[in-house]
Amino acid sequence: MPQGYLPIFLFLIIAMAFPVIAILTAKLVRPSSPSKLKLEAYECGIEAVGNSRGRYAVRFYIISILFVIFDVETVFLFPWAVRFHQLGWFGVIEIAVFLAILIVGYVWVYKKGALEWV
Amino acid sequence: MITYTSTDHFVLLPGLLLALFGCAVLLLDFLFPKDVKGRGWLVGIALSGVGFASWQSWQQYLYLKAHSMTPLVAFNGALVLDGFALFFNGIVLASAALVMLISYRYLEDEKEHHTEYYALVLFAACGAFFLNGGLDMVTIFVGLELMAVSFYILVGFLRTDKRSNEAAMKYLLLGGFSTGFLIYGFSIFYGLTGSTNLAALATVIPARGANDPLLYLAIVTTLVGLLFKIGAAPFHMWAPDTYEGAPTTVTAFLAVASKTASFALLLRVMLVGLGTAREMWEPLLTGAAVLTLTIGNLAAISQSNVKRLLAYSSIGHAGYVLLGLIAGNQTGLIGVSIYLLTYAFSTIGAFLVLIALRRRGVAVETIEDLASLGKRYPYYALLMLLFLMSLAGLPPTAGFIGKYYIFLSLVESGKYGLAIVGALYVAVSLYYYFRLVRSMFLTESIEAQVLAPSNGVRLVLALTGIATIAMGILPEPFLRMAAISLGR
Amino acid sequence: MSGDTFFFYAFSALALLGGLGTVLLRNAVHCALALMTSLLGVAGLYLLQGAEFLFAVQIVLYIGGIMVLFLFVIMLVNLDQASKLQQFGRQTPIALVVALAAVAAIFSMLSKSAVLLPASVSLTPLTGGNTETVANVLFTDYLLPFELVSILLLVAVVGSVMMAGKRTE
Amino acid sequence: MITINHYMAVSAALLLIGTVGVMTRRNIVVILMSIELILNAVNVNLIAFSKYHNQVTGQVFAIFVIAVAVAEAAVGLGVLIAMFRNKGTVQADEVDLLKW
């Protein structure tokens, strides 16, 4: 393993352990006397109704689909940007063709009205 | 360093044209009016895309012929242009053109006419090109998925139809699953060779020796994926449902383009990559072929839905093509090519008769719907009879030539057992095809209604009918075409 | 136990336990979270093998992208009722038997021939950063699939928007 | 000492878990997730082989696998939504207009 990552792993482990330890110790130390009033929504909040996992509108899904697809585009753009100078003009053309095809998709979605919010 | 040579361009161009026209159709959709005329223009553009690609393929053929059919390798060995790729590209292009011609009226009737359909057909054909000509596993994989994803959408194109939804869902779930297995096999091939090129595999296998467990695992997982794609048992279960639920035009395209391109991939992987490991995969494929013949033909007997029946018969046909590969001689490979060619025309024709017979809102579904077709619509009944004869392999139709070569190759290579099994199932298939024929000609008549098939449907019916007869009576030119696929 | 070995087992455990959770848990949201854990474990394995760029891609695309998609759909189709239904189909027993047989076969194979591949000849490690080397290969040898992927993504955009989008007419 | 075979064992185990998931679960969303597991098994293999051969080819292959997984998941979930609208279920064998 690249040894350079050891500090990061240690940091990750500490970061994950910290909230767990904090919550657990708090639970052990604090007095516990729940009552109905205490368990209600905080102060003037509205009483929660129904399930927190309600149904969403499809629009959210379409937006998230587009996000993910263009995310993939970024994955391919990134290494190109890193080697921009070495790849030269040919690389520019290559990535331009790639982007042009994806822009066809973008224009299609735009014209289709899938991006309109209402 | 990176290059894009004129050879690369020449080899790629037909596929490139298909993709370009696909993009054009998507964008031009917004320029043309949303009426019958506007859509007609777009269909014309999509068809001209296929036309340009065909013209370019013809140029490729002339070039190859002038250079004594020496394969042309492009993109550092990722893509190859040889007679084999050309032949299968031709089948894909022909089926794409025929399917686009017959789709217009069908989609209008289903009230789901969107020009995206034509773009997706073009993209699927483009993906198929990389199965036919791909030598690099990454290219093959991406091409395969391009074709498969386009087909998932096409199968589910009737979005408000529950059966279409379900068919798409099943095809997608099982398709994704099988792709996973295929690519798992590919990953082990990569591990064995350190290269993603199939040609590199052939050099490694002798060193690994026969019955190497890792190689065996890779072959088995790859075969699972490939057998699924060609719709062979025991991974055929998606086919009847998908064929039944999909729009009939898509069913025809799926049964022809997807199946032939997948067979091209299977042949390429088995003969180029694993040619030296024949003793490892031959028993597996033999088992799969016999099972496919059994399941396809026996299950077809009990079907009452015509599309399902044709789906099972198409599974059975995959078994015959596999037999040609198993025979393993030159005759067998010619048999595979000519079989797939004849199968393409007969299958599109048979599904097309169903499309022509459907009136607005009333689809032809069950065998009873075909009752007394001979009296009601004698022309369609005769055409259907012709296509069924071809599918069953009776002379003087196209199907006979395909079956003849498959059986000839089995006899030549001394695999008499398989030849007998195959012949047995031809007899079984005669039975269920005859059920359709009996329903068409020997049942009580019900009144005829006026059909108004579009000109596209008429044209394609005529074309497929003529092709089916011509291949049966004058097989020589078509056999020469099949010989191209062997590089002769 | 060296750090290498420790992290390998830790990440593999994460990947496999997450995978088991995905397959076994009732509630689809829990399945999605278990899958995320599994993907994180796999990402860790990438890092151990020196594939830093892929590690980042796995986190950004898989965990940040695909899993968000899954969670949106779970919300969208409201799977809370679905989680109360029977979760395993009729072919479960057959599948388990087949899977166990496959486990036995594969592991006996892996243990029998202890070295399936010849031990890696120690080569000089690749110079330069991982992303640079990936870019060099991606944009030269894999030019063709790279451009093909853009068409595939275009098809995916068209398909998913058509399927999920509202119906005109 | 961790060898290539260890990675292949993890990969094979992930493949099997995914396969069992596809074959046994009735919820279509979970089946799609199981397919993602299978693709991850492939990627573990590819990365390990890539290191083994001292190349990055396997890593590039894995990037393509991920990109394809995105496309498949996007279309799969889209079809799922279309089906849910028509039928109101995401259970694989309640989907029974066609025999499963």
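Helix 1 of chain B passes helix 4 of chain B in a left-handed crossing, a crossing being left-handed if the near helix is turned anticlockwise from the far one by less than a right angle, and right-handed if clockwise. The model is a predicted one, in which local features need pLDDT of at least 70 and side-chain atom pairs count only at pLDDT 80 or more, whereas totals for chains, interfaces and linings use all residues. Residues are numbered from 1 along each chain as its sequence is written, and chains are lettered from A and ligands numbered from 1 in the order in which they are written.

In chain B, helix 1 (residues 6–28) and helix 4 (residues 116–133) pack at an angle of about 160°, with their axes 8 Å apart. Helices (H or I, at least four residues) and strands (E, at least two) are DSSP runs, numbered from the N terminus, and axes are lines fitted to C-alpha atoms, for helices over the stretch in contact, with angles running from 0 to 180 degrees between N-to-C directions. Helix 1 of chain B and helix 4 of chain B are therefore roughly antiparallel to each other, where angles under 35 degrees count as roughly parallel, over 145 as roughly antiparallel, 65 to 115 as roughly perpendicular and the rest as oblique. Among the residues that make the contact are Leu18(B), Phe21(B) and Val25(B) of helix 1 of chain B, together with Leu122(B), Cys126(B) and Phe129(B) of helix 4 of chain B; two residues are in contact if their C-beta atoms, placed from the backbone, lie within 7 Å. The residues of this contact of helix 1 with helix 4 of chain B comprise 14 nonpolar, 2 polar and 1 charged, with Ala, Val, Leu, Ile, Met, Phe, Trp, Tyr, Cys and Pro counted as nonpolar, Asp, Glu, Lys and Arg as charged, and the others, Gly among them, as polar.

Most residues other than glycine have a negative phi, and most peptide bonds are trans. In chain B, Ser68(B) has a positive phi near 45° and is placed in the loop between helix 2 (36–66) and strand 1 (72–74). Ser68(B) is exposed, with 8 other C-beta atoms within 10 Å, whereas Phe75(B), whose phi is positive and near 50°, counts as buried with 23 C-beta neighbours inside 10 Å. A residue is buried if 20 or more other C-beta atoms lie within 10 Å of its own, exposed if 12 or fewer, and partly exposed in between, with C-beta atoms placed from the backbone. Phe75(B) lies in the loop between strand 1 and strand 2 (79–81) of chain B. The peptide bond from Ala233(B) to Pro234(B) is cis, with omega near 0°, and Pro234(B) is found in the loop between helix 8 (213–230) and helix 9 (238–245) of chain B. Pro395(B) and Pro396(B) are likewise joined by a cis peptide bond, with omega about 5°, and Pro396(B) is in the loop between helix 15 (378–392) and helix 16 (398–412) of chain B.

Chain C has 6 helices and 0 strands, and 46% of its 169 residues count as buried. Among contacts in chain C with a separation of 6 or more, 54% are accounted for by residues 24 or more positions apart. In helix 5 (130–138) of chain C, the residues Val134(C), Ala135(C), Asn136(C) and Leu138(C) are buried. The cover over the buried residues of helix 5 of chain C includes helix 2 (58–82) of chain A, helix 3 and helix 6 of chain C, and helix 3 (57–87) of chain D. The domain assignment, automatic or taken from a database, gives chain C a domain 1 (1–82) and a domain 2 (127–169), and the C-alpha centres of these two domains of chain C lie 22 Å apart.

The contact between chain C and chain D takes 71 residues from chain C and 62 residues from chain D. The largest share of the side of chain C that touches chain D, 13 residues, comes from helix 3 of chain C, and the residues of that side divide into 53 nonpolar, 17 polar and 1 charged. Helix 1 of chain C and helix 2 (residues 28–52) of chain D pack at an angle of about 155°, with their axes 9 Å apart, which makes helix 1 of chain C roughly antiparallel to helix 2 of chain D.
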